[in-house]
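Here is a walk through the inside of one protein model, ring by ring and hole by hole. Keep the viewer open and click along.

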Amino acid sequence: MNQLRLGYLYGIGAYLLWGFFPIYLKLLRPAGPVEILAHRIIWSVVFVALLLAAMRHVGFLRALARRPRALAGIAFAAALIAVNWGTYIYGVNSDRVVETALGYFINPLVSVLLGVLVLRERLRPAQWAALGVGALAVAVLTVDYGRLPWLALTLAFSFAGYGLVKKQLGLPAAEGLFVESAVLALPALAYLGWLASRGDSTFGHVSAGHTALLVLAGAATAIPLLFFAGAANRLPLSTIGMLQYLAPILQLGCGVLLFHEPMPPARLAGFALVWLALVVFTLDALNHTRQARRTRAPLPSPVAR
């Protein structure tokens with residue numbers, strides 16, 4: 001299997017798992033958002049450490065220690081993903097799954113914007129039009145919510161930034177995730193210790209099933225992130241943005257159909273504008289890809305006369 005096809009499989013797998021993740025997070029109640037975040041971090045470290053030990057890839061830490069710029073990049077990626085995780089957990093636990101879905105609908109447009117601002121990529125007119133429609137959608141939703149949809153914007157910018165940093169680092173998936181989680185492990189352990197000292201920890205105090213679900217949050221967190229890292233290392237950033245449509249579609253379905261969150265007409269209009277922006281962006285990308293393939297197509301060999 002070639003690397004491009006493998007990248008697509010990794011990307012689709014990651015976004016399908018993330019699409020149904022709100023259902024899993026709802027099962028972790030009555031644990032609070034920060035407690036869930038801390039358990040996600042700790043058990044992710046444990047899960048990935050076991051995976052690396054099984055793969056006998058533990059020696060990579062010595063080589064990484066001699067790359068201070070890579071370590072700084074990993075620390076930055078860790079901060080971004082911690083913000084993303086914490087915001088998402090808060091959104092789901094506060095019955096705002098629809099707004100979290102909005103964040104991931106906006107994310108492909110933010111990825112394109114970061115490509116312009118950071119990578120100095122040049123946009124085609126249709127891409128600028130898509131960004132303009134996306135900005136109009138945010139304005140409409142701001143009026144509907146009566147506030148800026150900060151939760152959605154935080155999710156979009158933090159995850160787009162994380163994808164950009166991961167792509168520039170180019171680290172193997174498991175190794176990168178292990179170091180990112182390890183950076184966050186000490187603060188997470190300190191918080192869980194403080195929570196236990198106050199008698200407010202839910203770990204081991206609700207049910208065996210709840211405790212098991214908190215432990216499994218490591219695998220549930222690490223597996224799609226490993227898939228995503230594998231995709232980010234093999235696919236263009238614009239392709240990563242396009243694949244992400246899968247997750248918010250499923251998340252929106254969970255919010256409206258399973259959790260019965262409201263979708264008033266003004267909010268639906270805002271989402272419609274986001275979808276219009278994504279349609280424009282996608283059609284332009286497909287057209288550009290077809291044109292690029294025609295340009296690269298080999299000329300027919302001359303026929304002997």
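## The aromatic cluster

Tyr15, Trp18, Tyr88, Tyr104, Phe159, Tyr162 and Phe228 come together as one aromatic cluster. Rings of Phe, Tyr and Trp (its six-membered ring) pair if their centres lie within 6.5 Å, and the planes count as stacked under 30 degrees apart, edge-to-face over 60 and tilted for the rest. By that rule the count is 17 aromatic pairs. One of them is Tyr15 with Phe228, an edge-to-face pair at 6.4 Å centre to centre and 75 degrees between the planes. Tyr15 sits in helix H1 and Phe228 in helix H10 (residues 208-232), so this pair ties together parts that are 213 residues apart in sequence. (Helices are DSSP runs of H or I, at least four residues, numbered from the N terminus.)

Buried here means under 20% relative accessible area, exposed means over 50%, and partly exposed is in between (1.4 Å probe, protein chains only).

A note on the ground rules: this is a predicted model, where local features need pLDDT of at least 70 and side-chain atom pairs count only at pLDDT 80 or more, while totals for chains, interfaces and linings use all residues. Residues are numbered from 1 along each chain as its sequence is written, and side-chain values use heavy atoms, with hydrogens and water left out.

## Two cavities

How many cavities of 30 Å³ or more turn up in the whole structure? The search finds two. A cavity is a set of points on a 1 Å grid over the protein atoms alone where a 1.4 Å probe fits but cannot get out, and lining residues have an atom within 4 Å of a point. Grid points are joined across faces, edges and corners, and the volume is the space filled by probe spheres set on the points.

The largest cavity has a volume of about 130 Å³. Its lining includes Tyr15, Trp18, Phe21, Arg40, Trp85, Tyr88 and Gln251. H5 (68-93) gives the largest share, three residues. By class, the lining has eight nonpolar, three polar and one charged; Ala, Val, Leu, Ile, Met, Phe, Trp, Tyr, Cys and Pro count as nonpolar, Asp, Glu, Lys and Arg as charged, and the others, Gly among them, as polar.

The second largest cavity comes in at about 50 Å³. Of the 10 residues that line this one, Asn107, Ser111, Phe159, Ala160 and Ile240 are the closest to its centre. H8 gives the most to that lining, with three residues, and the classes are six nonpolar, four polar and no charged.

Phe21 belongs to helix H2 (residues 21-26) and counts as buried at 6% relative accessibility. Leaving out residues up to four places away in sequence, Phe21 touches Arg40, Tyr88, Ala220 and Thr221 (contact means heavy atoms within 4.5 Å).

Arg40 also lies over the face of Trp85, at 4.7 Å from the ring centre. In another such case, the charged end of Lys26 sits over the ring of Phe259, 4.7 Å from its centre. The rule wants NZ of Lys or CZ of Arg within 6 Å of the ring centre and within 35 degrees of the ring normal.

Arg29 and Pro30 are joined by a cis peptide bond, with omega about 15 degrees. Pro30 lies in the loop between H2 and helix H3 (33-55).

Asp95, in the loop between H5 and H6, has a positive phi near 60 degrees without being a glycine. Asp95 is partly exposed at 45% relative accessible area.

Definitions and conventions:
Helix = DSSP H or I, 4+ residues; strand = E, 2+ residues; numbered from the N terminus. 1 Å grid on protein atoms, 1.4 Å probe; cavity = no way out; pocket = protein on both sides within 12 Å on 5 of 7 lines; lining within 4 Å.
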